Each structure stands twice: as structure tokens, then as C-alpha cells.
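Q: Got a complex loaded here. Can you walk me through the interfaces and the confidence?

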Amino acid sequence: MKSILGRIRFLPVCLALGLAFLYIPILSLIIYSFNESKLVTVWSGFSTKWYGELFRNQQIIDAALLSLRIAVMSACAAVVLGTIAGFVLARMRRFRGRTLLAGMSMAPLVMPEIITGLSLLLFFIALEKMTGWPNGRGITTVTIAHITFSMAYVAVIVQSRLADMDPSLEEAAMDLGARPLKVFFAITLPIVAPALISGWLLAFTLSIDDLVIASFVSGPGASTLPMVIFSKVRLGVSPDINALATIIIGIVALGVLLAALAFKRQERLQGRDARLANLPED
Amino acid sequence: MADSTTGRPPAASNEPGQAREPWNDPEAVPYIQLENLSKRFGNFTAVDNISLDIYKSELFCLLGGSGCGKSTLLRMLAGFEAASEGRILLDGVDMADIPPYERPVNMMFQSYALFPHMTVQGNIAFGLKQEGMPRPEIDRRVSDMLELVKLGDYAKRKPHQLSGGQRQRVALARALVKRPKLLLLDEPLGALDKKLRENTQFELMTLQEELDITFVVVTHDQEEAMTLSSRIGVMDQGRIVQVGSPNEIYEHPSSRLVANFIGSVNLFEGNVVEDEADHVRIQSAEAGCMLYIDHGVNQIVEGSRVSVAVRPEKIKISRDSPEQEDNVTRGVIEEVAYMGSLSIYRIRLSSGVMVQATQPNLDRDTRQFTWEDEVYLSWNPYSALVLTT
Amino acid sequence: MRMGYTPLGQGLVRLFEPVMHVSPGKSVSRLLRAAGVTGRNAVIAIPLLWLLLFFLIPFVIVLKISFAEYATAIPPYTDLIQWGDDALMSIKLNFGNYLYLVEDDLYVAAYLNSARIALVSTVMCLLIGYPMAYAIARSSPANRNILLMLVILPFWTSFLLRVYAWMGILKNNGVINNLLMGLGIIDEPIVMMQTDFAVYLGIIYSYLPFMILPLYANLEKLDVNLLEAAADLGCKPFKAFLLITLPLSLPGIIAGSMLVFIPAVGEFVIPSLLGGPDTLMIGRVLWDEFFNNRDWPVASAVAIAMLVFLVIPIMLFQHYQNRQAQT
């Protein structure tokens, strides 16, 4: 038993060091966002002036609003398309083009962004030459590109959630007289709802975080937030970017905290229900 | 003796001798000794101050419902759980500081825990390889073992290519091949279907006799425990409530709990009206008659309330009043369940109490009794048992 | 509705009687079905058509342009299909772009360098991530979710900003150098920015969660009974890890490694922010070729070559994903 204990101590140390590695850069971003000096890493006193600077930077504000718009639109569309794809792959065993669909909906997960970006740009240009649409590049093209690669993530999440779901639930509904479409909306969708929420959040994050694909398929006057940040940090560190990073981290942390609280609450309610029903809680 | 008056049959003469029952031999040295063993998880006491001796070549069953602590006790023997108090001696050696991988004990897991990435052969050879045994010796031992469990043709298969029964035999072979001093089996037949379970029970007993290895089996299935074991330890809430041979446990349960757990039983409450050395009389309103039992209870005072246990197969059903004064009552048959070899009758007594009685189906097509029949129920004085706890 | 029957109403009913027994909805759906359009097919068609249009066809176009010639035109490449005077169609494939990739040392070096950086980073991620994933999988269920959240959390914050954070840490007057010089350990700042070291660090840092998550998902499912059985059969803990845990976690190792390796090969942001001018990575070369040199055919050839290079790892990943989905 002694050597088992020895290993048990080794693992938490690895975990702690690994988590420190993940969080130290983020902490340093936050700390130096309150630094007065422009030199970012030379501490010269506490100040919030870079936050003021940030909010006066119209370019960043515009880019942030644009990114938010694209992210919301593409996340919603990606959830719809990804859910259909995931449902088809999980529930329809045999149809022509299944392998093609399975391959195409998993490939964007591992495709280097730079290839996806290049191919979509060349496609849009060729399409415009042939049909006159999309008539220049901007919000529309970026949104389509983001839908395409984030629907793959949604499809994978929904597919695995459906694979875990007991198919006899759907069969029971059909047995009780519900038509396939009714079964989908009354039974399947409510059960995979958590997967849809996490899929939406993931698609939103992927969209708002994307630099490479947006750089390819965006046009003049439609610079997303990552594009603006990239052009700024390419020239070196700048304190208002630290401030921006701190705000983003704050929003994410708050969101996660709320989600965790909601989760805890739901768990507690389930635990109470289980006790009321006199069931074992495990 | 009472034999002449009550018609008690003479004691069975074909019972195994002292050599087969080392627990009745004061000279015998126990092979495994549990001394005041306890295991606590936080506030919860899984194993509560158990002392138990198990002898060499025994097939000892730990029997109990879920959460009674039987599996924890087994895991303590294997070395996966350390004792909170007390100690375990195996062949005279204290096991406290010996890790599972150095104990001369092997376990057959309930889930079988076969290594999914290894073949049948690889699984069985695993333990021998850990000992650093030379290759030819390993091969010989593994093929002998495969032969013994009749899996010679399946050596190269992976676990997922085997049926449930075959997997069970691989798990058994893997644990046996190391020739442990003690083999632990956690619900060994639990995952098999009924027919297979019956066959495997006998295979397991034959194997155990052939190899002469001490087995400790954990099970919740009383039938399995009755068939397999030399002795049974009935567990409840972390304690062992009774230890004895299957016959003792069934015919002489020490408490209502044990009587209820093993087989079915009818319990009648009543007041002791007469307690002598060789018999007791109990007046029971529930039974609707005077109960006469041919053994004294002596630690109880007259007038106190006790329970009388009568097994269903010991109750005789008849249309006419039997020629005895005690242990006779009347009722109406409410339910009949035909089980093939026997039928189970549920009879409502005039007190409202339901009694269960079984009768063998001696004829192929005629049944003696049916629904709504008014019948007499009777039993012998030596068939019932007084339970005070 | 008998009361509502007026003579006119009855007349109308009579008039339409022959067609009334076929409801219009049914007849439409019957027509559609005859044409092969069923609800089922429509459901399948929606994602299939979208992905064909916006995923597969774009690749065909990249492939096509990689065989075209550079031209000072808009768009800057020649058409493969040319119409002769006699209205004969001729297809002209130009392999020059691919020859150019092989002949020019820059591209070969960039591919090899990308592969090396991605490989080393993947191995490092595995070495750091495996014990972390194992520690999370072995912790109590209550702690497990919190620890997992801590690993995922950085992923939700901006990737770009996390890479940017390292710029502040690694530069000559950055956090590390300031700290070491302040403690008097070094006199001169260590040059870390714009080196391969910084690129390795950035990739390992950014992709570590992608290694941990599939490993965790795999290790969490590992049956503890198997390890107990190994111990019971005389196997010491570390050996049991090598003989049981490690081989059984192979699907997780492959999935995690591919999720790190494949995007790392094509990585653009990290080498351009943390790497030096001589940090050659193929993603960066493609970017420059496309945006700075405006040589679309060569950029396309670079992309196709990268894809060919990644086909084996991608197929390996899909194979293991499918196998896991089946079990």
C-alpha cells in the first residue's frame, strides 16, 4: 500500500504544476492591466487608466460589436445545422452519402484553420465571379465560414449525447402514437437540450475567438476583434490589450461561475427529489 | 427419549465425520483468523467487529443483502481495504502490512475484470509472469488450466469474443492458476443465467475439491450459498449474525432475521405457557391453536412473547382433521401457485394471518386442493422452532 | 356542422366531391414522395448540402487553383479550362507549383520544421497532460468537475490573448527576466522571445487542454477493478500502470495527440507572435505567400501539400473516434 500512496502524491503535484502553468500567464495579464506604466511589465503603480483608454478606442469597440454580432448569428445557425447533422448521424444508420456526411462533419475539427480559411476565400471569389454573389466580402462571408466550422463541433456533441440517450424513449413515444417530427420536438430535443446549450456556447466562443479564417474571408471595413487585436499586438505588447483581456476573462469567469451555481442548484434539487422518492442517491 | 412420544426420526447417521468438520474439532487450527475486524468509511461502519475462523479446504460463503458489508470484508481479505481495527491472520501470518500484490490470495471479481486488451491465454498467464516464472513453465500451467476449465479452444480469443459463461471460467482460471492459499469469489455466478448457474455451481464445487484450495465466496443468493458451501456466515449491517453449515442455518436459524433471509418461513407470535427442559407450549392467537415444540428454550420466562417459525414444506395440508391436539389450525386456500415439482398454497387462517405451505405434486394431473378449499394445516413438534430474537 | 349546410354549401360540396377524398396536403406530399423528396431525405439533405457547398467544393477549388499559373490579373491565376478557336475544350494542368515546392529549400525546410515543432510539442503535451488527466480521473467525483472546469476555463478565454500573455512574460524586460535579474540570478536578460523555444512553449500552452480532455474521458472510464485484479495477481502499481492503464488508454492518447499535432502543424498565430523571423512554419509561409506575394496558385499548392501530409494523422484520428463511438 505504501508505494500506491507514493504515486498518489506524485499525481496531485503534477496536476498543481500543470494548472499553475495554465493560469500564470492569465494572472500576469490581469495584474499588468492595472499597471500605470506603458511598459506593461515594469510595475510603476496601480492605475485603471488603460481601461479608460480602451473604452475611448472606437476601433476596438466597433470590432467587438461586429464580432459579437457574427458570433451570435453563427452560433444560432451552427446549432440548428449541427443538431440536424448530429441527429442524422446518430439515428439514421443507412443512407446514401452517410460516409461523406460523417467525414465532412468531423473533418473541420482537425482541419488546420489556415486551409479552411484559404479554401473558403477562393470559393467565395469563384462564386462571385460566376453568380455575382456574395458581392464583396464582409459580415456574411465571415458568418458562413464560422457556421461551417462550428457546426461540426455541435454535430459531434449532439451525436455523442444522442448515442448516450436510450433509443427506447423515442420508440416509446412512437409506440404511443407520436409521428417522427413530433417525437423529435417532444422527446429528443428536450433530452439533448444541455448538449445544444454547450454547443451554442462552444460555437459562440469559436467564432469570437477566430483570427485566421476571418482574416481570409473578411473584407475591408469588416475587421473582427481578433483581427484588430492581432494587428496591434504584432507591433508589441500594449497595456490597453491587457485591459481588454482582463474584461474578457472577467466575463468568462462570471459566466462559468453562474453556470456552476446553476448546475449545483439543479444537482441539489435532483438530490432532494431522489430523497423524496426514497431512492439511493448514487 | 422424546423420540417415542413425538415420533421424531432418529438422527441422520450419514453425516460427515469430524475430519470433514474441523469447526467442531477443538484441536483443529484455523487457516484464516479474523480478530475483531472493523472497517469504517467516515461515519459509516461497513464491517463491525467481526471475529471468525475459517479452516483449510473450506468453501465458506458470506451471505447477506446489499450493503451488509460482505464485499468490504472480501476486499479486506484481498488487501484492497485496510482494517480500521482488528487483524487478519492467514496461515498464522498477519496480513496488515502485506500489499495485495504480495498476498498469497487471489480474487475472482464480480465483473470478472478480465484485461480487455489481452487474450484468454494472456489473462491467465498474467499472474504467473508477475512471479517471474520461466516461460515453458508458464505455458504448461496455463494450458493445464485451460484444459481444466474446458477452454482449450479459446486460448487466443479476446474477452469480448467470449460468452458470459466462458468469461466466468477465464476469470476463475486466472485466479486459480497461481495456486493461492485462499481464493476469494465475489458473486461468482451472479452474471450467469439460471440454467448455467446451476451447472456452474457443481463445476465450482468439483474444482474446489480437486485443487484443495480454500474458497471464500460472497453472495446474496441463498440458494447458491446453500448448494456450494461447507459453512455459511450470514451477515447483516456489518456483523455476522450466524455461522453454520447450510443445514444448521436452514433448520436452526438463530433469529427471525436469519430465518426470513434463508428460504420462506411462517412466523407465529405467541405467549409461552409452559417451558420445560424437553418442550415448550405456546399459546398463539395468530396461529389459532396451541403450539407444542419439542425443545426447551430455558432462558425465557413463562408468559413472555416469542415467535415460532415453521417452514412451508413442513406444513401438511389435509381435508380431514388430523389426529393431534397441538399444532393444528384451519384456513381457506386463497392462492395456488403451480411450480412444477411442487405447488405453493397461501392459506388465510381465521385470525387473518396468511400462511404459506408447499406440497409436492406427486400425481401428474390431479391436484388435491384448489381455491376456496377449507383445509386443516398441521405439523410435527420437531418441525417448528422457537425464536426469541 | 350539419346546421351550417345551406343549399349553396351543399352544392359546393357536391361540386368538389370527386376531389374531396384526397386532401390537398396529402396529394402534395404524395407528389413529393414520388419525386424522392421525403421528410427523411430533406433532413439528411440540409447538412449534407451545406457541407458540400461550403466545405468540399472549396477544397476542389483550391485543388484546381494549385494547378493554375500565376498571372497578374484579378483573380491572379489562369484558368485551367481554355477554349480553342474551334470550340474545343482543353484542360491545362500545371504541376509547376508543386515542382517549385520540392525544389525550393524554403518549403521543404518549412514542412520539416513544422513537423518537428508539432511532434515535439505533442510529446511534451502528452508528458504534461497525461499525469494531469490521470490525477483528475482518480480524484473524488465532487472535485473532478471543478478540476475539469479549471482545465477547460482557459480555452473559453481568447486564444490570441493567451498567446499574447506569453509575450509579456518572455520578452527581454518581461516578467521572467525582471524576476531573475531582480533576484540577482542573471545580469543579462535571457533572450526568449522570437526563438523556437517560445514557439514550443506557446503551442504546448495553447493545446494542453486538447490533450487532457480526451485523455481524461478515456481514463475516467477505466475500470478500477482491472487495476485491483492486476495487484491481486501480483503486479506492483507502476507495472500495473504500464501493463494495464497505458495500453487501455491508447485511444485517448491517439485522439489527444492528433488534436494537438494536426492544428500545430498548420499553426500561424503562435509562430508569428512568439517566433523569430527565422522560425519557419508552413502556416506562416502559406500566409505570406497568399497575402504578401499574392501568389494564389503557390499558396494553394502549399495548402494541398499540407493536407496530403496530414491525411494519415487525420485518418488515424477518425478511425479511433469511430471505434470509440462503436464501443
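Q: How many residue pairs are in polar contact across the interface of chain C and chain A?
A: Eight, with both residues of each pair at pLDDT 80 or more. A polar contact is a pair of N or O atoms within 3.5 Å; within protein, one must be able to donate a hydrogen and the other to accept it, and residues adjacent in sequence count only if both atoms are side-chain atoms. pLDDT is the predictor's confidence in each residue, from 0 to 100.

Q: What ground rules apply here?
A: This is a predicted model: local features need pLDDT of at least 70, side-chain atom pairs count only at pLDDT 80 or more, and totals for chains, interfaces and linings use all residues. Residues are numbered from 1 along each chain as its sequence is written, chains are lettered from A and ligands numbered from 1 in the order in which they are written, and side-chain values use heavy atoms, with hydrogens and water left out.

Q: Which helix of chain C gives the most to the side that touches chain A?
A: Helix α3 (residues 39-66) of chain C, with 19 residues. Helices here are DSSP runs of H or I, at least four residues; strands are runs of E, at least two; both are numbered from the N terminus.

Q: And how does that side of chain C divide by residue type?
A: There are 64 nonpolar, 14 polar and three charged residues. Nonpolar covers Ala, Val, Leu, Ile, Met, Phe, Trp, Tyr, Cys and Pro; charged covers Asp, Glu, Lys and Arg; the others, Gly among them, count as polar.

Q: What area is buried between chain C and chain A?
A: About 7,700 Å², with carbon and sulfur atoms giving 83%. Buried area is the accessible area (1.4 Å probe) that two parts lose on being put together, summed over both. In chain C, C:Trp50, C:Trp156 and C:Tyr164 lose the most area to chain A, together 9% of what that side buries.

Q: Switching to chain B. How many residues does the contact with chain C take?
A: It takes 18 residues from chain C and 22 residues from chain B. Contact means heavy atoms within 4.5 Å. The area buried between these two chains is about 1,700 Å², and carbon and sulfur atoms give 63% of that. C:Glu228, C:Asp232 and C:Leu233 supply 39% of the area that chain C buries against chain B, more than any other three residues.

Q: Which residue forms a salt bridge with B:Arg75?
A: C:Glu228 does, and the closest N and O atoms are 2.6 Å apart. The rule finds one salt bridge across the interface of chain C and chain B. Eight residue pairs are in polar contact there, both residues at pLDDT 80 or more. α10(C) gives the most to the side of chain C that touches chain B, with seven residues.

Q: Where is pLDDT below 50 in chain C?
A: Over residues 1-25. Beyond near neighbours in sequence, that stretch has three contacts in the model. Where pLDDT is low, the predicted coordinates should not be read in detail.

Q: What about the averages?
A: Chain C has a mean pLDDT of 82, and chain A has a mean of 85. For the complex, the predictor gives an ipTM of 0.86 and a pTM of 0.81.

Methods. A salt bridge is a side-chain nitrogen of Lys or Arg within 4 Å of a carboxyl oxygen of Asp or Glu.
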